[in-house]
Amino acid sequence: MSPIYERLSLAVSRDDEILALLDTLPEPKRQPNLLYGVVRLLRGPVEDPAAFREFLVANWPAVDAQMRRRATQTNEVGRCALLLPVLATLPQPLALLEVGTSAGLCLYPDRYTYRYGDRVVGSDGPVLTCAATGVAPPRRRPEVVWRAGLDLNPLDVTDAADVAWLEALIWPEHTHRRTRLRAAAAIAAADPPLLVRGDLVDDLPALVDRAPADATLVVFHTSVLYQVPEPRRAAFVELVTRLPARWVSVEGPHVLAYDDLPDQPDEGFHNVLALDGKPLAWTRGHGEAAVWFGPSGA
Ligand SMILES: C[S@@+](CC[C@H](N)C(=O)[O-])C[C@H]1O[C@@H](n2cnc3c(N)ncnc32)[C@H](O)[C@@H]1O
């Protein structure tokens, strides 16, 4: 999905000097996305592997410091286009609680516009386009009366440094994603969600207790569990299924497994959308497509 990063990754993989530098980092920090995001944050070049190499070697102390300090926390509002058909089937209004929320931008599914083929839902906010098959897209956006997010390190859309990091995490060619990130950040800044620093197991029950009683509580997460070690993933699933909440997830089947999953449409569909642990659709990473195989109910 990013020819620039593909080219860079091939060059890095063959460069013993760069690999030796990366080996000085703790293992979880040796991530391509983290390295390239930090170089872009520091205004280094990524289009030309030779220029990238020169920058990296000359600026390694600064890159090293940022890679240790930061984490991959891409906040992709496009994923709301995957959530919308599910949210529309639930009794309204909704109280949304997102675990692994990053800056909380996926807490505003009611403020974005969606394009599913010919069906356009909503008329304001950034436009999120999703090629969805096997589902009747909803006719309207959900009604959201409460939004709260939990993250080990919540990012703040009113903080220029946090927004710069969120932008640097978006792959270079994906200008449309940067544009909609800025639009979504403006929406969140004007009406900030409740963001809580904490762990998705240890701190979830206390946040659930703060949800209003007269709305359907939806606990959801997208592309989070791959960052959570296995015993904690199991503890989270055990917890979330006991909560007085509906549970919506968009995760890879290697971190959230299901029986009888139909074949993956192609390797780009690497996540599965599920409601209350029942798989509904294969989805692309940034919400750009979904192939439904479960009931849509919309
Ligand atoms: C790849 S980002 C995805 C952000 C957002 N869900 C989205 O789809 O745009 C994963 C987020 O999960 C958070 N995270 C990882 N482990 C966590 C944990 N144990 N408890 C809470 N948040 C966690 C990270 O800090 C990061 O912000």
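Predicted model: local features only at pLDDT ≥ 70, side-chain atom pairs only at ≥ 80, totals over all residues.
Residues are numbered from 1 along each chain as its sequence is written, and side-chain values use heavy atoms, with hydrogens and water left out.

Q: Which residues come nearest to the ligand?
A: A residue counts as near if one of its heavy atoms lies within 4 Å of the molecule. There are 20 residues around the ligand, and those that come nearest are Asn75, Glu76, Arg79, Asp151 and Thr222.

Q: How far is the polar side-chain atom of Asp199 from a nitrogen atom of the ligand?
A: A polar contact here is a pair of N or O atoms within 3.5 Å. For Asn75, a polar side-chain atom lies 2.8 Å from an oxygen atom of the ligand. For Asp199 and the ligand nitrogen, the distance is 2.9 Å.

Q: How many salt bridges does a search of the whole structure find?
A: A salt bridge is a side-chain nitrogen of Lys or Arg within 4 Å of a carboxyl oxygen of Asp or Glu. Arg53 and Asp15 form one, with their closest N and O atoms 2.5 Å apart. The search of the whole structure finds 17.

Note on methods:
Polar contact = N/O pair within 3.5 Å; in protein donor to acceptor, adjacent residues only side chain to side chain.
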